[in-house]
Amino acid sequence: MHITADDLIAVLRAEDLRITEPRRLVCEVIATRHDDHLTAASIYDAVESETHGGVDRATVYRTLEVLESAGAIKHGHIGHGPTVYHLAEESPHQHLVCQSCGRTVTVGAADLVPFLDAVRADTGFVVDIEHFALSGLCETCAASS
């Protein structure tokens with residue numbers, strides 16, 4: 001089952017936030033564009049276009065902060081770009097980012113289990129795979145280099 005905008009709005013209500021039009025739109029953007037790598041700026045831009053400039057950036061950041069603190073969304077880092085947000089219900093995954101063209105590929109956590117187990121066995125370190133991206137060259141760029 002997919003988290004809806006109404007689910008995210010319920011989280012804000014539970015945190016005693018008033019549900020304003022900009023906050024409702026932030027929730028709609030996150031819920032409907034859950035396959036995108038959403039940045040705070042892209043969420044702000046989408047909300048601003050709906051409200052015709054009637055939104056404060058602080059509202060977007062505060063809404064994201066509350067949703068993340070409540071466990072409804074997570075953030076991560078893809079390459080050297082800004083923080084990206086996604087629904088917490090998404091299955092654990094890793095991003096592979098091409099250093100040449102910027103293409104991003106998503107890999108399920110299950111595909112990385114042997115590597116993660118080896119890291120833990122060798123070092124005792126437990127890797128949080130959702131918080132960062134691995135960089136390298138995509139298939140196309142690797143073939144042309």
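**Helix pair H1 and H4**

H1 and H4 are roughly perpendicular to each other, because their angle falls in the class from 65 to 115 degrees. The other classes are roughly parallel under 35 degrees, roughly antiparallel over 145, and oblique for the rest. I read the crossing angle of helix H1 (residues 5-14) and helix H4 (residues 57-69) as roughly 90°, with the axes coming within 10 Å. Axes here are lines fitted to C-alpha atoms, for helices over the stretch in contact, and angles run from 0 to 180 degrees between N-to-C directions. In H1, Leu-8, Val-11 and Leu-12 meet Thr-63, Val-66 and Leu-67 of H4. Contact means heavy atoms within 4.5 Å. Nonpolar covers Ala, Val, Leu, Ile, Met, Phe, Trp, Tyr, Cys and Pro; charged covers Asp, Glu, Lys and Arg; the others, Gly among them, are polar.

**Ground rules**

I noted that this is a predicted model, where local features need pLDDT of at least 70 and side-chain atom pairs count only at pLDDT 80 or more, while totals for chains, interfaces and linings use all residues. Residues are numbered from 1 along each chain as its sequence is written, and side-chain values use heavy atoms, with hydrogens and water left out.

**Whole chain**

I found six helices and six strands in the chain. Helices (H or I, at least four residues) and strands (E, at least two) are DSSP runs, numbered from the N terminus. The order from the N terminus is α-α-β-α-α-β-β-β-β-α-β-α. The C-alpha atoms fill a box of roughly 50 × 35 × 25 Å along the principal axes. Of the 145 residues, 37% are buried. Buried means under 20% relative accessible area, exposed over 50%, partly exposed in between (1.4 Å probe, protein chains only). I also checked contacts between residues at least 6 apart in sequence: 52% of them join residues at least 24 apart.

**H2 against H3**

Next I took helix H2 (residues 21-32) and helix H3 (residues 40-51). Their axes come within 9 Å and cross at roughly 125°. That angle makes H2 oblique to H3. The crossing of H2 past H3 is right-handed. From H2, Pro-22, Leu-25, Val-26, Val-29 and Ile-30 meet Ile-43, Ala-46, Val-47, Glu-50 and Thr-51 of H3. By class, I get eight nonpolar, one polar and one charged residues for this contact.

**H2 against H4**

How do the axes of H2 and H4 cross, and within what distance do they come? They come within 10 Å and cross at roughly 60°. H2 is therefore oblique to H4. This crossing is right-handed. On the H2 side I listed Pro-22, Arg-23, Val-26, Cys-27 and Ile-30; they meet Thr-59, Val-60, Thr-63, Leu-64 and Leu-67 in H4. The classes are seven nonpolar, two polar and one charged.

**Cysteines**

How many disulfides does the rule give? I got zero. The rule asks for a pair of cysteine sulfur atoms within 2.5 Å. Cys-27 is buried, at a relative accessible area of 0%. Cys-101 is in no disulfide; its nearest cysteine sulfur, that of Cys-98, is 3.7 Å away. Cys-101 is partly exposed, at 47%.

I looked up Gln-94 in strand E4 (residues 93-98). Gln-94 is buried, with 1% relative accessible area. Beyond residues up to four places away in sequence, Gln-94 touches Val-105, Thr-106, Val-107, Leu-112, Ile-129, Phe-132, Ala-133 and Leu-134. Thr-39 sits in strand E1 (residues 38-39). I find Thr-39 buried too, at 15% relative accessibility. Setting aside neighbours within four places in sequence, Thr-39 contacts Pro-82, Thr-83, Val-84 and Tyr-85.

**Positive phi**

Most residues other than glycine have a negative phi. I noted Asp-16, with a positive phi near 65°. Asp-16 lies in the loop between H1 and H2 and is exposed at 71% relative accessible area. His-52 also has a positive phi, near 55°. I placed His-52 in the loop between H3 and H4. His-52 counts as exposed, at 73% relative accessibility.

Note on methods
A crossing is left-handed if the near helix is turned anticlockwise from the far one by less than a right angle, and right-handed if clockwise.
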